[in-house]
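Have a look at the sequence and the model, then read on.

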Amino acid sequence: QFAKPEDAIKYRQSALFVMGQHFGRLGAMANGRVPYDAAAAAANAEVVADMAKLPWAGFGAGTEGGKAKPEVWKEAAKFKEHQDKVIAETGKLVTAAKAGNIDALKAQFGPTGASCKACHDSFRNQ
Ligand code: ASC
């Protein structure tokens, strides 16, 4: 899929960057920094959930580097569990965002962020 390891690293970082940008917009709404907008919430959540499916293909054999810890490759089963958790939580985020009320969004924002953080704590440097 990738011509060289650097492309895989750039790919996974790019997907995670886009995910973070859109998750941040949802956070601004959930935390009241910007007005709640149901359509924008749904659109942002869709991007987050779509991006959540992508980074993992960029962690193939021989693509060590970036901020990834060696544990990504040494503890592949655990890493996969975190991927599945992030995909599941971001899927629930779409459902919550489409509910059309800020309380549903707020309720799922925290658990989704926790799934991001849990993976970062074990598998990302700094
Ligand atoms: C974000 C972002 C993350 C998560 C994480 C949640 O907005 O970029 O990696 O939330 O900080 O704790």
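## Surface and burial

The chain exposes about 6800 Å², with carbon and sulfur atoms supplying 57% of that area. Such accessible areas come from the Shrake-Rupley method with a 1.4 Å probe, and for residues only the protein chains shown count as cover. Of the 126 residues in the chain, 36% are buried (buried means under 20% relative accessible area, with a 1.4 Å probe and protein chains only).

Before going further, please keep in mind that this is a predicted model, in which local features need pLDDT of at least 70 and side-chain atom pairs count only at pLDDT 80 or more, while totals for chains, interfaces and linings use all residues. Residues are numbered from 1 along each chain as its sequence is written, and side-chain values use heavy atoms, with hydrogens and water left out.

## Overall fold

The secondary structure comes to 5 helices and 0 strands, giving the pattern α-α-α-α-α along the sequence. Helices (H or I, at least four residues) and strands (E, at least two) are DSSP runs, numbered from the N terminus.

The C-alpha trace spans about 45 × 25 × 25 Å along its principal axes. Among contacts (heavy atoms within 4.5 Å) with a separation of 6 or more, 71% join residues 24 or more positions apart.

## A buried threonine

Thr 90 is found in helix 4 (residues 76-98). Thr 90 counts as buried because its relative accessibility is 0%. Its side chain reaches the backbone oxygen of Ile 87 at 3.1 Å, a polar contact (a pair of N or O atoms within 3.5 Å; within protein, one must be able to donate a hydrogen and the other to accept it, and residues adjacent in sequence count only if both atoms are side-chain atoms). Leaving aside residues up to four places away in sequence, Thr 90 touches Val 48, Ala 49, Ala 52 and Thr 112.

## Around the ligand

Which residues surround the ligand? They are Phe 23, Gly 113, Cys 116, Lys 117 and His 120, each with a heavy atom within 4 Å of the ligand. Helix 5 (residues 102-123) provides the largest share of this shell, 4 residues.

An oxygen atom of the ligand is 3.5 Å from an N or O atom in the side chain of His 120. Taken alone, the ligand exposes 310 Å², and the protein buries 55% of that.

Terms used: Buried means under 20% relative accessible area, exposed over 50%, partly exposed in between (1.4 Å probe, protein chains only).
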